[in-house]
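This briefing walks through one part of a protein model, with the sequence and the structure side by side. Please keep both in view while reading, and look up each element as it is named.

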Amino acid sequence: MRIASAVAAACLGLLVMILALDVNLMSLTDLIGIQVLKGCAWAVNLRASASSSSEIHASPVSCDRSHATYDLCTVDGPALLDPATATISSLDRTSPPRAPVKIRPYTRKRDRSALSGVREVTIASSPPPNATCGATQAAPALVFSAGGYTGNFFHEFSDGLVPLFITVESIFPDRDVTLAVVDCRDWWLRRYADVLSHFSRRPVINLDRQKETLCFPSITVGLIKHGPMTIDPKLLPHPKSLRDFASFLDGVYGGGGAVAPLPSAAAGGRPRLVLVSRPRSAGRAFLNLGELEALAERIGFEVRRFAPNRGTRLAESCRLVRGSHAMVGVHGAAMTHAVFLRPGSVLLQVVPVGTTWLSEAYFGRPAREMGLEYVEYRIGANESSLAEEYGADSVVLRDPRAVVGGEWKNMRLYLKTQNVRLDLGRFRASLERAYVKAKAFMETGESS
């Protein structure tokens, strides 16, 4: 009930404000949005059911399945977690037993491909016979999966770390929570150990390696997601944004002098540009990377090439990106490193054919939410390697929507087999625009 009480209190405050302002309630949805109203209704209803007559024993297990991308279940009160069977059982013996519920705690609940790599968790409303606690934990548990599309850097943030930030801020703002993870790969734990330690002051439990049963004062299963790589401040009890998430990451990786001093205009320095490169085998690579780098240098940038891989330490990535004034790259997972750019710096995204919506949703809008100066360059048909195979006048290049036909599998043509050979004469205008913004940011940073 912890989340329901928090949201219900926020809703009560909102209604008091509306009445004080004498707002027409018929226009309420225009002011705060349908999702907020649905959330308020759920929280108030859940809270009311919990405070009903003591003659009625409400189930200690509650689930909110009203959202498009995630489910969220809660065991309100002491609960037993058996990692061997991925079963959570309420230890409340006063309520009548009910049918167990099942949940895959990953934020793409309608994506069968993603869920194929996510372990199902069973939640029972009553304890099993002879239930015993192998170890008793002092803090509530938050159970979620690090499966699905984990392994793709963008999805590790959009489907994992950003929803984790939202959930902790919504339900456990005091950080007194134990993170219990299924589908928990060792490399993932090592890669994000620093981040996870800032979400909770308690050790992370890898449920794939846990042998004994665990008991918690309560358990929440699942993560809250607002959309691809986004945070809606209106949906949190205490408003936070994607910019706050970026600031959180700066606290994890950027403190203690970890970021190198920026080049100084007063000392004759040039704006530093991170040039993100991809291997050709992955698709969406620059085919004239060297010429692009030379052009950026002639325009006035100090260029640093960046080719991250799974072995790249995030502290090193943060040091490079946060110590720069601009970043440029083709739409792809590595552009997620923009979360390390400082507000006011520049993100220049090269948008291949067929990726316009993805480029805006995954990086364009998030860049603006983080306070970055966003510049977009959409390549022409002749700049795509697909023109060599299909011809510049082919439907493949003229009408990608028709080719994809709403089937994600057809996006492989544009995401995996397309590379980019920039028309540097045409691209120069976008690069110069990025330079002007980066130079202004550089000078403003010195005077602030």
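Which residue in β17 is the bridge partner of Leu347? The partner is Tyr374, and this pair belongs to a predicted model, in which β16 (residues 346-351) and β17 run parallel and are joined by six bridges.

- Five strands, in the order β14-β13-β15-β16-β17, make up an open sheet with parallel pairing.
- The edges are taken by β14 (302-306) and β17 (373-378), and because each of them has a single partner strand, one side of each is left without a neighbour in the sheet.
- If direction is ignored, neighbouring strands of this sheet are turned by 20 degrees against each other on average.
- Between β13 (residues 272-276) and β14 there are five bridges in the parallel sense, and Val276 has Phe306 in β14 as its bridge partner.

**Helices against the sheet**
- Helix α9 packs on the sheet, where it touches β13 and β14, and its direction makes about 150 degrees with that of β14.
- Helix α10 (residues 314-322) lies across β13, β14 and β15 (326-330), and it runs at about 155 degrees to β14.
- Between β16 and β17 the chain passes through helix α11 (residues 356-369), and this β-α-β crossover is right-handed.

**A closer look at α9**
- In α9 (residues 289-299), the buried residues are Leu289, Leu292, Glu293, Leu295, Ala296 and Ile299.
- Seen down the axis of α9, these buried residues fall within an arc of 160 degrees, so they line one face of the helix.
- After α9 comes Gly300, which has a positive phi, near 135 degrees.

- Leaving aside residues up to four places away in sequence, Met370 touches Leu242, Arg243, Ala246, Ala338, Val339 and Pro343.
- Met370 and Arg342 are 28 residues apart along the chain, and their C-alpha atoms are separated by 8.4 Å.

Note on methods:
Residues numbered from 1 in each chain as written. Predicted model: local features only at pLDDT ≥ 70, side-chain atom pairs only at ≥ 80, totals over all residues. Heavy atoms only, no water. Buried < 20%, exposed > 50% of the residue type's maximum accessible area, 1.4 Å probe, protein only. Helix = DSSP H or I, 4+ residues; strand = E, 2+ residues; numbered from the N terminus. Arc of directions from axis to C-beta. Pairing = 2+ DSSP bridges. Axes fitted to C-alpha atoms, helices over the stretch in contact; angles between N-to-C directions. Contact = heavy atoms within 4.5 Å. Right-handed = clockwise from strand over helix to strand, strands pointing away.
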